[in-house]
Amino acid sequence: MAIREVLRMGHPVLRQVARPVERFGTPELARLLEDMRDTMAHEDGAGLAAPQIGESVRVVIFGVTANPRYPDAEEVPFTVLVNPVITPLSEEVEDGWEGCLSVPGLRGVVPRRTRIRYAGFDEAGRPLDRVATGFHARVVQHECDHLDGILYPMRMPDMSRFGFTDVLFPGLDAGPDD
Ligand code: NI
């Protein structure tokens with residue numbers, strides 16, 4: 001196992017369009033995913049994209065279990081998603097606060113589609129196809145943006161709703177970062 005350094009905004013790898021995974025079930029992919037799981041757990045994140053640990057490939061993981069620290073956070077099943085494709089299923093967008101392990105200490109309000117379909121593969125190359133709404137849909141959109149070099153501040157239409165977590169939410173635990 002290895003906890004890897006999470007790259008922060010400004011690092012060029014975070015701005016790259018990541019390349020697709022071409023072979024599944026390889027030791028390289030297994031090692032990458034192990035490092036991603038270890039790093040996400042260590043950082044207490046809701047999700048992590050491979051470029052955040054410096055690997056420019058189209059791999060994301062995410063998942064939120066019921067946590068008494070975040071009573072309002074919806075549960076999201078732990079998921080490995082390789083070569084994802086997102087299809088919006090609704091025109092509707094919803095504002096919500098987001099954080100990111102690559103933008104530490106900050107939060108901002110980002111509009112996201114409320115209902116999406118996401119498809120891709122697990123680490124063994126088995127296809128995965130799901131419909132997600134609300135917070136689950138938000139997490140998937142945030143993580144997949146990382147694969148196209150997009151960080152959440154680039155999605156913010158209103159920079160007045162961007163700030164330091166401890167200033168915005170004094171005394172509160174604002175929830176996990178992505
Ligand atoms: Ni992020």
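The model is predicted.

Helix α1 covers residues 27–43. It has 17 residues, which at 1.5 Å a residue should span 24 Å.

Part of α1 is buried. The buried residues are Leu29, Leu32, Leu33, Asp35, Met36, Asp38, Thr39 and Met40. An α-helix has 3.6 residues a turn, so residues three or four places apart point the same way. What lies over the buried residues of α1? The cover includes strands β1 (47–49), β2 (59–64) and β3 (76–88).

Next, the cysteines. The whole structure holds zero disulfides. A disulfide is a covalent bond between the sulfur atoms of two cysteines. A disulfide needs the two sulfur atoms within 2.5 Å.

| Residue | Relative accessibility | Class |
|---|---|---|
| Cys100 | 0% | buried |
| Cys144 | 8% | buried |
| Thr114 | 11% | buried |

Thr114 lies in a loop. That loop runs between β5 (106–113) and β6 (115–121). Is Thr114 buried or exposed? At 11% relative accessibility, Thr114 is buried, because the cut-off is under 20%. Leaving out residues up to four places away in sequence, Thr114 touches Ser90, Glu92, Val93, Glu94, Ala132, Thr133, Gly134 and Ala137.

Terms used
Residues numbered from 1 in each chain as written. Predicted model: local features only at pLDDT ≥ 70, side-chain atom pairs only at ≥ 80, totals over all residues. Heavy atoms only, no water. Helix = DSSP H or I, 4+ residues; strand = E, 2+ residues; numbered from the N terminus. Expected span 1.5 Å × (residues − 1). Buried < 20%, exposed > 50% of the residue type's maximum accessible area, 1.4 Å probe, protein only. Contact = heavy atoms within 4.5 Å.
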